Amino acid sequence: MLRKNIFLTGFMGTGKSTVAIALADQMNKKFVDMDSLIEKKEGKPITDIFNDEGEFYFRKVEREILIEIMKRNDLVIATGGGSLLDDENYQLARKNSTIILLYANPEVIFNRLKDESSRPLLSEENKLDRIMSLMKQRKEKYNRFEHCVDTSNLTVAQVVDEILKIYRRKYNEDNTPEI
């Protein structure tokens, strides 16, 4: 397998972390969870960072973590849902990496997240409306990702298989030698 990094991005509840763990195992790469690194660096949960410092501060720390990650190769990285919506973060992640957008329909996301209270952007009463609103706001940015996998009706193993197909196709077409 190539030593290129793979970023899994997309809306919350699309399976980024779960799929990234399985993909890293399948590809013999190291798994990295950006939100976990942020929590470790800041010494508190994402929700507390949002509440105490605000989203602007959180995004600043997120970029610092991304810069550190990009110094390494052979990783499968699960991003926070908004990480690669930022143009500078997107450009950073594209270097030496493949970005895969995981997506699902709003109802599936709602069903996956309805009992969670740790999502700062879903703290409103009507979570389904908030999910649909956020997805609509992010649609243009999500459309720029070349590689996408709909996780709505797939198992984790099926999503991993789809990502492997994309990864192999991309680097065979580029004639990039395997390392």
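**Sheet, helix pair and loops**

Strand 1 (residues 5-10) and strand 3 (residues 75-78) run in parallel and pair over three bridges. Here, a pair needs at least two bridges found by DSSP; strands (E, at least two residues) and helices (H or I, at least four) are DSSP runs, numbered from the N terminus. The model is a predicted one, in which local features need pLDDT of at least 70 and side-chain atom pairs count only at pLDDT 80 or more, while totals for chains, interfaces and linings use all residues. Residues are numbered from 1 along each chain as its sequence is written, and side-chain values use heavy atoms, with hydrogens and water left out.

Contact here means heavy atoms within 4.5 Å; axes are lines fitted to C-alpha atoms, for helices over the stretch in contact, and angles run from 0 to 180 degrees between N-to-C directions.

How much of strand 1 is buried? Six of its six residues are, so the strand is largely enclosed by the rest of the structure. Buried stands for under 20% relative accessible area, exposed for over 50%, and partly exposed for what lies in between (1.4 Å probe, protein chains only). Both faces of strand 1 are covered, with Asn5, Phe7 and Thr9 on one side and Ile6, Leu8 and Gly10 on the other.

Then there is a helix pair. The axes of helix 6 (residues 106-113) and helix 7 (residues 127-142) come within 9 Å and cross at roughly 130 degrees. Helix 6 brings Pro106, Glu107, Ile109, Phe110 and Leu113 to the contact, and helix 7 brings Lys127, Leu128, Ile131, Met132 and Met135. By class, the contact residues come to eight nonpolar, no polar and two charged (nonpolar: Ala, Val, Leu, Ile, Met, Phe, Trp, Tyr, Cys and Pro; charged: Asp, Glu, Lys and Arg; polar: the others, Gly among them).

Thr151, in the loop between strand 5 and helix 8 (156-173), counts as buried at 2% relative accessibility. Leaving aside residues up to four places away in sequence, Thr151 touches Thr14, Leu102, Tyr103, Ala104, Arg112 and Val159.

Most residues other than glycine have a negative phi. Asn28, though not a glycine, has a positive phi of about 55 degrees; this residue lies in the loop between helix 1 (16-27) and strand 2 and is exposed, at 68% relative accessible area. Asp74 also has a positive phi, near 70 degrees. Asp74 is found in the loop between helix 4 and strand 3 and, with a relative accessible area of 22%, is partly exposed.
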